[in-house]
Amino acid sequence: MRKAFLTLISILLFFQVTLAKGQAEELGGSLTLSGAWAIYPTVVAWAERFQQIHPKVKIDISAGGAGKGAVDAIAGLVDIGMVSRDPDPAELQRGIKAVYILKDAVFPVISEKNFYLADLLKQGITRQQLMDIYVTGSITNWNQIIPTAKSKPIHVYTRSDSSGAAAGWAAYLGKKQEDLRGVGVYGDPGVLETAKRDPSGIGYNNFSFVFTKEGPLVPGARLIPIDSNENGKIEPDEVYANKEQAITAIEKGRYPATRRNYFYIKNNASALAQEFIHFVLSEEGTQIVNEVGASLPISIQDKEMSLDNLR
């Protein structure tokens, strides 16, 4: 009888310990994120899956530009800031860790109705010409790029909000966002739609906005090929009509205007925020990146460095 009683006690203790362990491991609470348009679609997919795994977790996400993500994270208004540009050293001095999570690129965008589309797709545009359009202002007419073209003013569009796309584009041109010329338009969607509608316009957009989920370019938009070696003609691997071609060029280092995307967290970030980032950088997180197709996953070595940064 005593033996049976002790066995029963042992079984009850086992189930109590197991139940306590399960309750301890079950995550709960809320996370808030804000920031970059480029990161937003992937983060939404990550959050949906994370909440399926952990039903007691609630995640709220809002876009609004990389600048908003950085400011909100620094001010403690959100748990994680989505920032699609390299961190400013001054930001890191304010109790912030920048965790590298994704990579992508920024592309010069014109309308499919551009007056000189055929010439531009054949000849392309050089980095110096883009600098003279966006920085020095010495190129203001399409006939300065296409010598045989009639006089047509170039309508230049940039971002009105603090954004990773603008910072990345400016960095490619050796400058900062505030150095970029053009009519300011809010958000990636705004710049894309404005450039698409204007046969004389030029803008720039994130990887995630110029291609559809299925792969082709967004209807109505075209990318001006960048003549990286400046030989006056475009090579086949400098033209990107679909996502697959662009990904290949980015991964091979062929496309020049690439950038890194980050999560900004406080040095004393919550265990829940850190657990979410661990998930983001997991194999399942990478699979979600590929399924969404809005950004590119980082390498295994870079993931390890990012995880070390969390410690």
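I start with a definition. On a 1 Å grid over the protein atoms alone, a cavity is a set of points where a 1.4 Å probe fits but cannot get out; a pocket is an open set with protein on both sides within 12 Å along at least five of seven lines; and lining residues have an atom within 4 Å of a point. Grid points are joined across faces, edges and corners, and a volume is the space filled by probe spheres set on the points.

Two remarks on the source. This is a predicted model, where local features need pLDDT of at least 70 and side-chain atom pairs count only at pLDDT 80 or more, while totals for chains, interfaces and linings use all residues. Residues are numbered from 1 along each chain as its sequence is written, and side-chain values use heavy atoms, with hydrogens and water left out.

Now the cavity. Searching the whole structure gives 1 cavity of 30 Å³ or more. The largest cavity holds about 40 Å³ of space. Its lining is made up of Trp 46, Ile 101, Leu 102, Val 280, Leu 281, Thr 286, Val 289, Pro 297, Ile 298 and Lys 303. Two or more of the lining residues come from each of β4 (96-111) and α12. Helices here are DSSP runs of H or I with at least four residues, strands are runs of E with at least two, and both are numbered from the N terminus.

Next, the largest pocket. Its volume is about 470 Å³. It is lined by 19 residues, and those closest to its centre are Arg 85, Asp 86, Ala 167, Lys 176 and Gln 177. Both α7 (164-172) and β9 (258-266) supply at least two residues of that lining. Which element gives the largest share of the lining? That is α7, with 4 residues.

On to the whole protein. There are 13 helices and 10 strands. The C-alpha trace spans about 105 × 35 × 30 Å along its principal axes. Of the 311 residues, 51% are buried, buried being under 20% relative accessible area, exposed over 50% and partly exposed in between, with a 1.4 Å probe and protein chains only. Contact means heavy atoms within 4.5 Å. Taking contacts between residues at least 6 apart in sequence, 74% join residues at least 24 apart.

Asn 205 sits in strand β7 (residues 201-206) and counts as buried because its relative accessibility is 0%. Asn 205 and Pro 236 are 31 residues apart in sequence, and their C-alpha atoms are 21 Å apart in space.

Gly 293 belongs to the loop between α12 (283-292) and β10 (296-297). Is Gly 293 buried or exposed? Gly 293 counts as buried, because its relative accessibility is 13%. Apart from neighbours within four places in sequence, Gly 293 is in contact with Phe 207 and Lys 243.

Last, Glu 230 is in the loop between β8 (221-223) and α10 (243-251). Glu 230 is not a glycine, yet has a positive phi of about 50°.
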